[in-house]
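Q: I've just opened this one and would like to go through it with you. Could you take my questions as they come?

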Amino acid sequence: MSAIRSSLIEPDGGALVNLVAAPDRRAALRAEAEALPRVRLNAVDVEWAHVLAEGWASPLRGFMREHEYLQCIHFNSLRLPDGGGIVNMSLPIVLAIDDADKDRIVAAPDVALAGPDGELLAILRSVEIYPHNKEERIARTWGTTAPGLPYVDEAITSAGNWLIGGDLEVLQPIKYNDGLDHYRLSPQQLRDEFDKRGADAVFAFQLRNPVHNGHALLMNDTRRRLLEMGFKNPILLLHPLGGFTKADDVPLPVRMEQHSKVLEDGVLDPETTIVSIFPSPMHYAGPTEVQWHAKARINAGANFYIVGRDPAGMGHPTEKRDLYNPDHGKKVLSMAPGLEKLNILPFKVAAYDMVAKKMAFFEPSRSKDFLFISGTKMRTFAKTGENPPDGFMCPGGWKVLVDYYNSLQTEEAAAAAAAAPATV
């Protein structure tokens with residue numbers, strides 16, 4: 001009997017894209033890049049280059065040219081060549097340049113891309129430059145142009161008025177040297193790890209917050225459901241987002257330490273869980289963005305995707321309401337073009353059961369027994385030193401958050417003291 005392989009789902013386009021140059025080509029490519037017109041990337045641009053280089057956006061082979069960009073913002077998908085069907089692509093992966101960059105490039109077919117510190121990272125080949133209509137991009141991605149959208153403020157408002165697309169060739173693997181690079185497994189590395197563990201199903205959980213016991217309940221219940229469906233060794237991909245997040249989100253290093261404690265405390269089983277960082281920036285674009293999150297996990301080898309309430313959502317930036325209908329994310333995923341091969345697993349709502357003293361699935365018939373603890377409330381507990389109810393989060397994980405917020409308050413107090421005028 002042939003061995004079971006976890007690669008139960010083909011990458012989009014049939015093959016994983018790898019845009020990182022082979023080691024024996026790197027010296028020649030660097031010399032070539034030195035002689036080309038140069039565009040300097042910001043931190044978010046580098047994160048997108050990383051996403052492209054490792055094949056998370058397969059079959060995309062570089063920053064979008066105009067025909068790809070238009071398909072993305074109007075159809076949330078890309079048409080494969082030669083009648084090969086379509087793949088989902090809901091977020092534009094584009095590189096903005098300003099007038100000075102455009103003038104410097106002139107008619108050069110290829111350009112070099114450098115990081116924020118000036119270090120050469122890649123070559124963009126057969127480039128195409130086209131207008132960056134920011135208002136249209138924002139409206140079609142977020143469904144609003146209201147001020148205060150975090151990604152817009154970070155990466156679009158001050159960006160150049162032109163977009164440059166082309167085929168990307170990255171000089172060497174992109175590293176951050178932040179002590180977390182060992183968590184940044186590429187889609188191919190993840191597929192290899194699933195095979196090594198003998199997975200016959202892979203279910204992915206996307207998150208940008210600390211893991212509480214309600215999340216763990218959902219993940220463990222998903223594994224139970226898959227076992228009941230006949231799978232023998234379902235593997236969980238716990239896949240925190242590692243790119244840009246808004247200022248009040250818990251920073252990645254703190255989240256990764258907290259996730260480690262969750263595994264150490266046995267809330268999730270290390271034998272059946274892989275913790276890895278997803279390098280994408282966060283848009284907070286709700287149902288549009290959740291398609292990207294699901295599509296990227298197809299390329300990593302996941303054939304099941306867990307989706308809950310208001311995925312990739314946020315509060316409206318200027319009004320006291322959710323920006324998106326909290327049920328639309330899971331509904332859109334079940335209908336999205338190009339995601340048909342992915343099994344979507346909507347999960348039930350979990351809340352704190354005050355009778356059982358633990359996180360449990362919400363029962364409307366006894367709603368008064370349940371306490372909903374939002375991310376805002378959780379942060380307030382941690383900041384004030386107040387403990388959440390027993391059973392909300394493992395003690396080791398909770399201590400990581402309390403220590404983080406204590407250090408933050410100490411830093412803020414020191415900064416305030418340094419800024420205060422000296423008394424005579």
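Q: What volume does the largest pocket have?
A: The largest pocket has a volume of about 1300 Å³, taken as the space filled by probe spheres set on grid points joined across faces, edges and corners. A pocket is an open set of points on a 1 Å grid over the protein atoms alone, where a 1.4 Å probe fits, with protein on both sides within 12 Å along at least five of seven lines. This is a predicted model, in which local features need pLDDT of at least 70 and side-chain atom pairs 80 or more, while totals for chains, interfaces and linings use all residues. Residues are numbered from 1 along each chain as its sequence is written, and side-chain values use heavy atoms, without hydrogens and water.

Q: Which residues lie nearest its centre?
A: Asn209, His215, Arg309, Asp310 and Gly375 do, out of 39 lining residues, meaning those with an atom within 4 Å of a point.

Q: And which element gives the most to that lining?
A: Helix 12 does, with four residues; helix 12 spans 375-384, and strand 8 (201-207) and helix 8 (213-228) are among the other elements giving two or more. Helices (H or I, at least four residues) and strands (E, at least two) are DSSP runs, numbered from the N terminus.

Q: Switching to the open sheet, what's the strand order?
A: Its five strands run 1-5-6-7-4 with mixed pairing, where pairing takes at least two DSSP bridges. Strand 1 (38-40) and strand 4 (96-97) are the edges, each pairing on one side only.

Q: How does strand 1 join strand 5?
A: Three bridges link strand 1 to strand 5 (residues 111-114), and the two run parallel, with arginine 38 opposite alanine 112.
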